[in-house]
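Thanks for making the time this morning. I have one structure to walk through, and I will keep to what can be read from the coordinates.

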Amino acid sequence: MGFEFHVTEDQEDRRVDRLLRSSFPQIPLSAIMKAIRKGEVRLDAKKVSPDTRVKAGQFMQLPWSDKPAYQETFQPEDKSSAAKKLETIYRDENIWIINKPAGLLTQPDVKGADSVYTRIMTELEWKRTDFHPSTVQRLDRNTSGIVIAALSGKFQRLLSGLIRERKIEKNYRAVVEGKLPLEGRIDLPLLKDRDVNIVRVDEKGQRALTLYKRIFAGGGFSCAEVRIVTGRTHQIRAHFSATGYPVLGDRKYGGTAENAKRTLLHAYKVVFPDDGRLGRLSGAAFIAPLPDDMVKYFEQGVEKA
């Protein structure tokens with residue numbers, strides 16, 4: 001006997017093929033498409049095409065007995081995460097904007113390990129099996145600052161689309177080595193070497209655009225406001241390293257660690273577009289205060305002003 005379920009509000013408006021592919025990662029895509037083509041996937045007892053969009057309340061029947069991956073019960077392996085509360089910048093029924101501390105992964109590297117995701121699930125005491133909250137962007141372990149998590153399927157798709165279309169503005173604060181120009185534009189393609197998890201400037205890579213303004217320079221370092229127009233892996237770190245101004249503490253990309261225990265990079269601000277679908281978030285901006293290890297550098301700029 002196959003698996004049957006009712007489409008929930010968090011699954012509404014998704015294409016059948018994409019819903020099944022994300023819900024059943026253990027089923028080969030070829031098998032999913034074959035089942036749809038043969039009419040073995042039914043929606044309200046009718047055959048469907050891959051691009052059919054589902055509606056809440058519809059009844060779906062599948063030829064396999066596997067349960068969806070999201071129906072697995074969440075159990076944090078790191079029990080200490082239950083006592084570690086996330087710093088909230090903003091939260092409602094659809095979205096959670098979090099100030100991530102340096103040293104914490106966005107997603108667990110081992111199932112159930114401590115991470116932003118694990119703490120979200122633990123703090124919310126999430127019991128639902130039709131949908132799991134998810135972060136819609138990631139920060140490196142040692143980068144602090146804003147992480148956006150979607151708490152509903154509708155907002156997960158909306159936010160992911162806005163990020164993909166580069167409509168959510170993301171601003172960072174960075175401490176880099178050397179004296180930066182007053183402002184600049186770094187437009188260099190980046191290619192990721194997955195074997196060593198590092199990216200480098202390469203004409204065969206993806207276009208990457210970084211804009212910056214210097215806030216302060218002195219003592220052999222500069223404090224900068226940075227905006228990433230594209231969102232490539234390690235984009236800020238690789239771009240500043242390639243132009244001779246590595247982020248302080250970023251040993252992987254040539255930075256020195258004498259005065260920094262981690263890469264001094266902080267996701268400081270997000271600005272949402274004017275978009276009616278966002279409701280009260282339309283046009284809103286949110287700021288994550290600088291962590292202590294970066295405040296001392298930026299305060300020098302304030303004192304000199």
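I will start with the overall picture, then go through the strands, one threonine, the cores and the cavity.

What you are looking at is a predicted model, not an experimental one. The protein has 305 residues, and 46% of them count as buried. There are 6 helices and 16 strands. Taken along the principal axes, the C-alpha atoms fill a box of roughly 70 × 45 × 40 Å. If you take contacts between residues at least 6 apart in sequence, 64% of them join residues at least 24 apart.

Now the sheet that contains β1. It is an open sheet of 4 strands, and the order is β1-β4-β2-β3, with antiparallel pairing. Which strands stand at the edges? They are β1, residues 4-6, and β3, residues 46-47; each has a single partner strand, so one side of each has no neighbour in the sheet. Inside that order, β2, residues 42-43, pairs with β4, residues 59-61, through 2 bridges.

Next, strand β13, residues 209-218. It pairs antiparallel with β10, residues 183-187, over 5 bridges. R185 stands opposite L211, and on the β14 side L211 stands opposite R227.

Moving past β14, we come to T230, which sits in the loop between β14 and α5, the latter being residues 235-242. Is T230 buried or exposed? Its relative accessibility is 3%, and the cut-off for buried is under 20%, so T230 counts as buried. What does its side chain reach? A polar atom of the T230 side chain lies 2.9 Å from the backbone nitrogen of L209. The T230 side chain also makes a polar contact of 2.8 Å with the side chain of Q235. Leaving aside neighbours within four places in sequence, the contacts of T230 are R166, R207, A208, L209 and Q235.

On to the nonpolar cores. The largest has 43 residues, and those touching the most other members are I95, L159 and F272. Elements giving two or more residues to this core include β6, α3, β8, α4 and β9, along with β14, α5 and β15. The largest share comes from β8, with 5 residues. To take I95 as an example, its contacts beyond four places in sequence are Y90, I148, A149, L151, F155, L159, F272 and L281. Apart from this core lies another one of 18 residues, which includes F5, L43, V48 and M60.

Last item, the cavity. How many cavities of 30 Å³ or more does a search of the whole structure find? The search finds 1, and the largest cavity has a volume of about 30 Å³. Its lining consists of Q137, I146, K170, N171, Y172, A267, K269 and V270. Both β9 and β15 supply at least two residues of that lining.

That is the end of the walk-through; I can take questions now.

Conventions:
Residues are numbered from 1 along each chain as its sequence is written. This is a predicted model: local features need pLDDT of at least 70, side-chain atom pairs count only at pLDDT 80 or more; totals for chains, interfaces and linings use all residues. Side-chain values use heavy atoms; hydrogens and water are left out. Two strands pair if DSSP finds at least two bridges between them. Buried means under 20% relative accessible area, exposed over 50%, partly exposed in between (1.4 Å probe, protein chains only). A polar contact is a pair of N or O atoms within 3.5 Å; within protein, one must be able to donate a hydrogen and the other to accept it, and residues adjacent in sequence count only if both atoms are side-chain atoms. Contact means heavy atoms within 4.5 Å. A nonpolar core is a set of buried Ala, Val, Leu, Ile, Met, Phe, Trp, Tyr and Cys residues joined through side-chain atoms within 4.5 Å. On a 1 Å grid over the protein atoms alone, a cavity is a set of points where a 1.4 Å probe fits but cannot get out, and a pocket is an open set with protein on both sides within 12 Å along at least five of seven lines; lining residues have an atom within 4 Å of a point. Grid points are joined across faces, edges and corners, and a volume is the space filled by probe spheres set on the points.
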